[in-house]
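Colleague: I would like to go through the labels in this model and hear what each one rests on. Please set the values against the cut-offs as we go.

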Amino acid sequence: TRQFLCEIADEDILKVLHLPIDYHNVKAAIKAVYTGITPDGLMLNGGTVDNELIYTSIKSREYSRLEPSLAKTAEEAMTLLLRTQDGQLCDVMIDRDMLSACEEAAMETQDSFLIQYRKLCTDTANLKTALRCAITDKQISFIREALSDGGTLNVDALGEMAERGKDALYEYVLQTSFADGVEYMKKSAAEFEKWCDDRIMALMDEAKFDSSSSAPIVAYSYAKSAEHSAVKLILSAKRNGLDENLIRERVRRLYV
């Protein structure tokens, strides 16, 4: 998929599509260095930065060898993990920076669909985080660290409502363009996360006939990723003997 995308897409579009891999690899490299294991099998191919460069830069603490924003994330995340030994907070911080970096890169392309897509990714990620924080009674300090700036939602208000609890969060979301998702929030975090993924796929469905932007390319990339995720989910569920109806409920909507 990556090879095909490289043949048809501009570099600035590819950067937005492949940046999440860089941040995944930063996360994997930090965990490998922290636990003293090799990163073999943990890091993904296809990012904008060579895997080995990310790993050796973090291992040697020579962060300046990386692109500035990625270097900042790597250094701050490693420092945080060493200071707190809190792997969850480390992951949250890297995921937050990834969302910001992708949205910033999309803005630089001035491509309307790419910007819309990345803003939707930020919004849905923030909503999923806010719900999990409300369910687990996280304090505002953690919530604000976990939420990414950007998107279309008021992040300060979202964080405040999440700290107050689920009911306050529901009331806030009902006043936004994501009001339809509240009924899924009330069911479970898993149901809501599926709804968020399906919301993004619905945007991709609209991209089929848009030839004025990157829409078809982005939709194809997202669709292939969704297919791979569906295969992994189904195989994992069947290995664990889950009921077929439950598997069907968990599988996300696919691009047709």
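Modeller: The helices here are DSSP runs of H or I with at least four residues, numbered from the N terminus. The model is predicted.

Colleague: With that settled, where does D137 sit?

Modeller: D137 belongs to the loop between α6 and α7.

Colleague: What makes the phi of D137 worth a remark?

Modeller: Phi of D137 is positive, about 55°, and the residue is not a glycine. Most residues other than glycine have a negative phi.

Colleague: Which other residue has such a phi, and where is Q85 found?

Modeller: Q85, also not a glycine, has a positive phi near 55°. Q85 lies in the loop between α4 and α5.

Colleague: Why is Q85 called exposed?

Modeller: Exposed means over 50% relative accessible area. Q85 has 60%, so the label applies. D137, at 62%, therefore counts as exposed as well.

Colleague: How do you know how α4 and α5 run relative to each other?

Modeller: The axes of α4 (residues 68–84) and α5 (residues 87–109) cross at roughly 165° and come within 9 Å. Angles over 145 degrees count as roughly antiparallel, so α4 is roughly antiparallel to α5.

Colleague: What is the handedness of the crossing of α4 and α5?

Modeller: The crossing of α4 and α5 is right-handed.

Colleague: How many salt bridges does the structure hold, and what makes E145 and R96 one of them?

Modeller: The structure holds 14 salt bridges. For E145 and R96, the closest N and O atoms are 3.0 Å apart. The cut-off is within 4 Å, so the pair qualifies.

Colleague: Which parts does the pair of E145 and R96 tie together?

Modeller: E145 lies in helix α7 (residues 140–146) and R96 in helix α5, so parts that are 49 residues apart in sequence are tied together.

Colleague: Which residues are joined with E145 into one network?

Modeller: Salt bridges that share partners join R96, D97 and E145 into one network.

Colleague: How do you know that E103 and K119 form a salt bridge?

Modeller: Their N to O distance is 2.9 Å, and the cut-off is within 4 Å, so the pair counts. E103 is in helix α5 and K119 in helix α6 (residues 112–135), 16 residues apart.

Colleague: Why do E103 and K119 carry their accessibility labels?

Modeller: E103 has a relative accessible area of 8%, so E103 is buried. K119 has 23%, which means partly exposed.

Colleague: What links α7 to α8?

Modeller: R144 in helix α7 and D156 in helix α8 (residues 155–164) make that link, 12 residues apart. Their side chains meet in a salt bridge at 3.0 Å, N to O. R144, at 29%, is partly exposed, whereas D156, at 51%, counts as exposed.

Colleague: Which residues make the nonpolar surface patch?

Modeller: F4, I8 and Y220 make a nonpolar patch of about 250 Å². F4 is found in helix α1 (residues 2–8).

How values were computed
Residues numbered from 1 in each chain as written. Predicted model: local features only at pLDDT ≥ 70, side-chain atom pairs only at ≥ 80, totals over all residues. Heavy atoms only, no water. Patch = residues over 30% accessible without salt bridge, like charges linked within 9 Å, V, L, I, M, F, W, Y side chains within 5 Å. Areas by Shrake-Rupley, 256 points an atom, 1.4 Å probe, with all protein chains shown as cover. Helix = DSSP H or I, 4+ residues; strand = E, 2+ residues; numbered from the N terminus. Axes fitted to C-alpha atoms, helices over the stretch in contact; angles between N-to-C directions. Parallel < 35°, antiparallel > 145°, perpendicular 65-115°, else oblique. Left-handed = near helix turned anticlockwise from the far one by under 90°. Buried < 20%, exposed > 50% of the residue type's maximum accessible area, 1.4 Å probe, protein only.
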